[in-house]
Amino acid sequence: MREPRNIAVYVILTIVTCGIWGLVWFFQLGSDIQALRGDSKPNTLVDFLLTWVTCGLYGFYIAYQWPVLLQEPLRARGVHVDNNLPVLSLVLAVFGLNIVSVILMQSAVNDGFKQMGSS
């Protein structure tokens with residue numbers, strides 16, 4: 001079982017490293033989603049490369065799709081998931097607030113790991 005990640009520390013590290021830690025967090029979050037799902041979705045390397053090649057446009061798709069991928073495994077574990085999270089995440093990304101979207105996803109993932117540990 002994975003330990004929930006400390007969101008405050010991750011945000012501070014992302015700010016202090018001028019976003020470099022955000023890349024590490026991106027890959028860790030993708031890995032956490034895979035662990036909750038029990039499969040290879042999302043493919044974080046492909047998502048990262050497509051975002052880079054499209055100059056960030058694919059990032060809007062990720063902002064919507066990753067919360068969608070989170071919903072099923074979290075509901076299966078009895079964790080409340082807001083149905084509006086994918087749309088909210090996309091809107092936040094459009095307005096340049098991707099870090100808030102990542103915080104919301106990490107919080108949901110942390111809840112899923114806590115539920116796994118208590119069962």
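Is Trp 21 buried, partly exposed or exposed, and at what relative accessibility? Let's work through this and two more exercises together.

This is a predicted model, in which local features need pLDDT of at least 70, side-chain atom pairs count only at pLDDT 80 or more, and totals for chains, interfaces and linings use all residues. Residues are numbered from 1 along each chain as its sequence is written, and side-chain values use heavy atoms, leaving out hydrogens and water.

**Exercise 1. Classify Trp 21 and Tyr 10 by accessibility.**

Step 1: Recall the classes: buried is under 20% relative accessible area, exposed is over 50%, and partly exposed lies in between (1.4 Å probe, protein chains only).
Step 2: Trp 21 has 24% relative accessibility, so Trp 21 is partly exposed.
Step 3: Tyr 10 has a relative accessible area of 11%, so Tyr 10 is buried.

**Exercise 2. Describe the aromatic pair of Phe 27 and Phe 48.**

Step 1: Rings of Phe, Tyr and Trp (its six-membered ring) pair if their centres lie within 6.5 Å; planes under 30 degrees apart are stacked, over 60 edge-to-face, and the rest tilted.
Step 2: Phe 27 and Phe 48 are 5.6 Å apart, centre to centre, with 50° between the planes, which makes a tilted pair.
Step 3: Helices (H or I, at least four residues) are DSSP runs, numbered from the N terminus. Phe 27 sits in helix H2 and Phe 48 in helix H3 (residues 44–53), 21 residues apart, and the pair links these distant parts of the chain.

**Exercise 3. Name the members of the aromatic cluster that contains Phe 27.**

Solution: Phe 26, Phe 27, Phe 48 and Trp 66 together form one cluster.

Terms used:
Helix = DSSP H or I, 4+ residues; strand = E, 2+ residues; numbered from the N terminus.
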